[in-house]
Amino acid sequence: MMTNISNLIDSLEVYILNNPDETKPHWVSHFIVPTANELLIKIKNKNGNSGFGMATSYTDISPIIKPFSNGLEDFIIGEDPFCPEKIYEKIFKLTDTRISSEKGWSKESLIRISAALDIACWDLVGKSLNIPLYKLFGGYRNKVPVYVTCGYYREGKSESELREELKKLIEIGHQSFKVKVGGLSIKDDAKRLEIIRDEIGQEKELMIDVNRAWDLKTAIEGVREFERFKPTWIEEPLRWEDDRRTLKLLSKKTSIPLSGGESEITTYGCRSMIEEDAIQILQFDCTMFGGFTNGKKLSALCELNHIDIAPHHDCFIHAPLVASTPAGRIVESFDDERDPLQAQLFENSHKMNNGWIYLNEKPGLGLEISETALKKFGKLVYKNK
């Protein structure tokens, strides 16, 4: 097969994105989530077509950028971005090669990089064809529901502060709210949920996120106590070490749908959750593993198994994929303090209004990175020319 050399990746830029204005920590049940900690990859070919992709990290990002200091670019420059499946496999498969051990490239770093690079390739493909990705992936609809994650634990956070937070989100127009539990006793978390349900009312959706804090006994107690709040789902209720089996056991004890998937490190883990009937809603994250190449596969698998997809994080990145499939349920958003990148990184974010994201008709991801935001949040760590 002849390859048009002008299509090949010719330019590569890599940035880390951090928040210089980090405020008081946002706690979930047992760890802090950063307000911005992402890898940004920008690619371009000789034709002038470009694309970008992002990878999310909740841990130290320095191991993820290390491969660009000692040779990983040699596996990227000269590749054809119109063959994203091939490129994804090439980078991902480095996880079980001798060179990755010799160079100190961790599995997590290569998994994250393969995801960001894959998204960048698909963005470039869409832009070069002048087609929005939601149409390229299937075009099921041009809008998706969106919820806001809120109710984090904060040092000294009072009831009035929690109520004020919710009032502001309601004023913005949010219709669905995901809140944190698992950091307190079930009794104390129930008091917080009473406040939250009181503020948002009975008609708006309420999701509950445990962030893998409970053992099975506690989870059974928790779902029974929280059923009165009529949650749309309970997310990652069980501890990591045996969560697929215990999720299946828990599902037999409650009518509340269970969700999970963001903490898997590969698409194979998500596949197992589906096969083992562990969840009813899959929350993979294309920016943490798999990219769009594998996000499309998981979406199709969920559709065939009557499971909804509600990807974790990065609503504007995931919106085209969720809009492309009948399995697409909803995307996750944050307020400006929790995620300043959502608010500031793009010049032309998809419009968010009254509980929906309306995708624009721009090609690819449909997004343009703000140079002002890139200067504020970004640090260039690699550029080949």
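Predicted model: local features only at pLDDT ≥ 70, side-chain atom pairs only at ≥ 80, totals over all residues.
**Strand 1 and its neighbours**

User: What makes strand 1 and strand 16 (residues 378–383) a pair?

Analyst: Five bridges join strand 1 to strand 16, and the two run antiparallel. Two strands pair if DSSP finds at least two bridges between them, so five bridges are enough. Residues are numbered from 1 along each chain as its sequence is written, and side-chain values use heavy atoms, leaving out hydrogens and water.

User: Why is strand 1 called largely enclosed?

Analyst: Buried means under 20% relative accessible area, with exposed over 50% and partly exposed in between (1.4 Å probe, protein chains only). Nine of the 10 residues of strand 1 (residues 9–18) are buried, so the rest of the structure largely encloses this strand. A strand here is a DSSP run of E, at least two residues, numbered from the N terminus.

User: How do you know which strands stand at the edges of the open sheet?

Analyst: The four strands follow the order 5-4-1-16, with antiparallel pairing. Strand 5 (50–56) and strand 16 each have a single partner strand, so one side of each lacks a neighbour in the sheet.
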